[in-house]
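Hi everyone, thanks for making time for this.

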Amino acid sequence: MNNKAAITGVFGYVPDYILTNAELEKMVDTSDEWITSRTGIKERHILKGEGLGTSHMAAKAVEGLLAKTGTAPKDVELLICATTTPDYVFPSTANLICDMTGIRAIGSFDIQAACSGFLYALTIGSQFIETGKYKKVVVVGADKMSAIVDYTDRTTCVLFGDGAGAVLLEPNTEGNGIYDSIIRSDGSGQNHLVQKAGGSRYPPSHETIDKRWHYVYQDGPSVFKFAVKNMADVSAEIMERNHLTGNDIAWLVPHQANKRIIEATANRMGLGMDRVMLNIHKYGNTTAATIPLCLFDYESQLKKGDNLILAAFGGGFTWGAAYLKWAI
């Protein structure tokens, strides 16, 4: 049987500080009831400390992953980091993670596909395993969203948290691993979910700071409508082309942006919420980290050979899905 790229280890990390809905009530005009009913979020973890960036959380996740799987840093052949909040414009956050974890002289790079980033990175990383090019590939999803959230904007500040998750991809000849993936994008959605300034179009200036363009801007209703349709559509599509029904799926592993979007996707797939991984209440939307953090949280409930559907959507717009058989 041909090599399949299988997840052979997963590890997650979230910072210690917990930002609760009660604390947010003191910062902006909102309430625990409003936040919970509309998003499903109760609390989120925030990275505090001078000079700490996405790489610091990602490195913790990678260190945990290597220790858990008994993988030496020298044996890692490629590292891909999905992030929307890189430490710097350059060098890449992946480079920094490698340096922090003792991984030397390998290819490492960042993927930017907003909240779909982990799915994009997983799809790319799996190709290197399937072709036989590499035997050990680390894929990280990590974001410090608190760095770009405006804590005076009640529509966005309640949504996001910080965190990181990492997986190890290795060849599998037992029939487990990644069977299929779909990644999509539509750049016409750029104005609905965007951080306007800080790039080459609008470099930092007094004007961009005064306009608060360095923070997340989201047109909530447009994003919600797009997400519900496309995350559900792509999940249904990947099931259909792999001849799967809801009864065949052990777990849906959805991007954790909004509980109502997750429920709509599960409904479209014919799944009860008892087979949907959900941790948004604990972490909020950690962007590229949501899917690996779900896998880490639910690992004890997974069985070898379980059919999983991973699904995500993000700003840009981006979206995608993957079908895999759990290999651990």
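Predicted model: local features only at pLDDT ≥ 70, side-chain atom pairs only at ≥ 80, totals over all residues.

E8 and strand E13, which is residues 318–325, run antiparallel, and eight bridges join them. For anyone new to sheets, strands pair through backbone hydrogen bonds, either parallel or antiparallel. Now zoom out a bit. E8 and E13 belong to an open sheet of four strands, and the order is E8-E13-E12-E11, with mixed pairing. Strand E8 (177–185) and strand E11 (251–254) are the edge strands; each has a single partner strand, so one side of each has no neighbour in the sheet. Going from one strand to the next, the twist averages 15 degrees.

What lies across this sheet? There's helix H5, residues 117–130, which lies across E8, strand E12 (307–314) and E13. H5 runs at about 135 degrees to E8. Then there's helix H10, residues 290–298, lying across E11 and E12, and H10 runs at about 140 degrees to E11.

Okay, on to the other sheet I wanted to show you. This one is open too, with five strands in the order E1-E7-E6-E4-E5, and again the pairing is mixed. Why is one side of E1 and of E5 left without a neighbour in the sheet? Because strand E1 (4–13) and strand E5 (107–111) stand at the edges, each with a single partner strand. The twist here averages 20 degrees from one strand to the next.

Let's look inside that sheet. Strand E4, residues 78–82, pairs with strand E6, residues 137–144, in the parallel sense, over five bridges.

Now, pockets. How much space lies in the largest pocket? About 1,200 Å³. It's lined by 40 residues, and the ones nearest the centre are Thr84, Gln112, Val194, Gln195 and Ala197. By class, the lining splits into 18 nonpolar, 18 polar and four charged residues.

The second largest pocket holds about 410 Å³ of space. It has 21 lining residues, with Thr155, Leu159, Gln218, Gly220 and Asn258 closest to the centre. Helix H2 (32–39), helix H7 (220–241) and helix H8 (259–269) are the elements giving two or more residues to this lining. Which of them gives the most? That's H7, with four residues. Class by class, this lining has 12 nonpolar, seven polar and two charged residues.

Last bit, from the records. An unreviewed UniProt entry carries the domain annotation "Beta-ketoacyl-[acyl-carrier-protein] synthase III N-terminal", covering residues 109–187. In the model, that span is 18% helix and 39% strand, and its end C-alpha atoms lie 22 Å apart.

Technical notes: Residues numbered from 1 in each chain as written. Heavy atoms only, no water. Pairing = 2+ DSSP bridges. Axes fitted to C-alpha atoms, helices over the stretch in contact; angles between N-to-C directions. UniProt positions renumbered as here; feature names shortened; annotations may be inferred. 1 Å grid on protein atoms, 1.4 Å probe; cavity = no way out; pocket = protein on both sides within 12 Å on 5 of 7 lines; lining within 4 Å. Points joined across faces, edges and corners; volume = space filled by probe spheres on them. Nonpolar A, V, L, I, M, F, W, Y, C, P; charged D, E, K, R; others polar. Contact = heavy atoms within 4.5 Å.
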